[in-house]
Amino acid sequence: MAAKLENKAAWQTEAQSKLLKVAPGPDQNDPLADEVIIKVAAVAINPSEWKMQDFSYLPLEYPHVLGSDVAGEIFKVGSGVTRFQAGDRVIGHCLGLLYGGARHGSFQAYTACREVVVAKIPDELPFDHAVVLPLGLSTSITGLFEHLALELPSVDRKSLGKTVLIWGGSSSMGSTAIQLAAASGYEVLTTASERNHAYVKSLGASEVFDYSGPGVTKELIQRLSRTDFAGVYDCIGEEHSTRACAEVLSKFGGGVLPTVLWPPNDLPANVKPVLGELNPSSTTVKSLTISAVYATNPGLVPNHVGVEIWRDFVPAALKTGTLQAKPEPKLVDGGLDGIQDAMNLQKKGVSAQKLVVKL
Ligand SMILES: NC(=O)c1ccc[n+]([C@@H]2O[C@H](COP(=O)([O-])OP(=O)(O)OC[C@H]3O[C@@H](n4cnc5c(N)ncnc54)[C@H](OP(=O)(O)O)[C@@H]3O)[C@@H](O)[C@H]2O)c1
């Protein structure tokens, strides 16, 4: 009989505690049928983690294990899993904020992940690079392919002759969104600080606009009026970005505006914002950007758009280089003990970088 797995985790012991506690972790010996257990090699840090510490914006049971992004080796698979086996190198999107509780947070030595949001990575791609991708993938998949209903990405991209605007291309969410939209064959316009213009072009954007410029919205509208406009995705979700995106969209007849955070409630009447995280007027989760992967019902049933992209496109695109592990990782030392420091650093702000901790 296999030895019992000993786990260790960086626990969020109670709501709004600002200090993770490293202690024995959740029992990961018995994965459910559709789960894999990943031996964690690296985790990436997202704003959602320090925001949970600051605002408790989702109702969680404590103690909890935070963390969405994981890279590592498959340790064990559930009885229904056929795509993976022990030893496979993978990335995964841990869904602990929404599903599965502490077992499904990435900030632990062994984590559980639903197999539909796991993908194999090439041998030559280091874990501490690959780990920047998972949450960006699930979020962009929803914004672009569910809410905007864009054509799905492919490793044999063909130009569609249509243009999308990705607001905030140098952010972690924007970096993935640019790559996915470009892989679908769209021309991508984006916004970023000048220091990141070369970076976002390297991801597939054809033109970049400095978002701090006073006339940026006007410039974008002028430029987009010469294109077959396919939509805009707000990867920043702040008042300024959402208003600017809404103004652009409104000029082109309005429609759905996916945004990663709560939109202001006085946008132009012809713009229908699709909420990023949860409806602030309700205590229940209403519309999540990862809903293309999981419909927002209590069982989080997989939706085919996200499942297909995670299953087919991601591993193939990582092999061909159509999908790059971006933004660049910036390593924070300390293993599980270093995660709180990394969360504090992420709160101070990053630019075209993702903080990563190796375990
Ligand atoms: N709803 C969801 O499920 C979900 C999932 C993931 C993330 N989020 C949210 O999405 C947001 C972005 O997350 P992230 O991890 O991508 O953030 P991030 O990488 O930490 O964001 C930093 C980047 O944002 C850019 N930026 C800041 N303000 C901007 C503006 N007004 N216009 C354009 N770019 C701007 C900066 O660009 P420059 O350095 O070029 O200036 C910088 O590169 C966060 O608020 C996060 O909480 C939501």
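In this predicted model, the sulfur of Cys113 lies 4.0 Å from the closest cysteine sulfur, that of Cys94, which is too far for a bond. A disulfide would call for two cysteine sulfur atoms within 2.5 Å. Cys113 is also a buried residue, with a relative accessible area of 0%. A second cysteine can be described in the same terms. For Cys245, the closest cysteine sulfur belongs to Cys235 and sits 8.4 Å away, again too far for a bond. Cys245 is buried too, its relative accessible area being 0%. Across the structure, the number of disulfides is zero.

Attention can now turn to the helices. Two packed helices are described by the angle between their axes and the distance between the axes. On the α1 side, the contact is formed by Pro47, Glu49, Trp50, Gln53 and Asp54. On the α9 side, the contributing residues are Gln340, Met343, Gln346 and Lys347. Sorted by class, the residues where α1 meets α9 comprise three nonpolar, three polar and three charged.

Setting aside neighbours within four places in sequence, Met343 contacts Leu20, Ile45, Glu49, Trp50, Gln53, Leu66 and Phe107. Glu49, Trp50 and Gln53 are also among the α1 residues that make the contact with α9. Met343 can be related to Lys18 as well: the two are 325 residues apart in sequence, while their C-alpha atoms are 9.6 Å apart in space.

From α3, the residues making the contact are Pro134, Leu137, Ser138, Ile141 and Phe145. Helix α8 contributes Val305, Gly306, Ile309, Trp310 and Val314. By class, the residues that join α3 to α8 are eight nonpolar and two polar, with no charged residue.

His304 lies in helix α8 and counts as exposed, with a relative accessibility of 52%. Along the chain, His304 and Val116 are 188 residues apart, and 9.8 Å separates their C-alpha atoms. His197, in turn, is placed in helix α5, which runs over residues 197–202. With a relative accessibility of 18%, His197 counts as buried; the cut-off for this class is under 20%. Not counting residues up to four places away in sequence, His197 touches Ala192, Val208, Phe209 and Asp210.

How values were computed
Residues numbered from 1 in each chain as written. Predicted model: local features only at pLDDT ≥ 70, side-chain atom pairs only at ≥ 80, totals over all residues. Heavy atoms only, no water. Contact = heavy atoms within 4.5 Å. Helix = DSSP H or I, 4+ residues; strand = E, 2+ residues; numbered from the N terminus. Nonpolar A, V, L, I, M, F, W, Y, C, P; charged D, E, K, R; others polar. Buried < 20%, exposed > 50% of the residue type's maximum accessible area, 1.4 Å probe, protein only.
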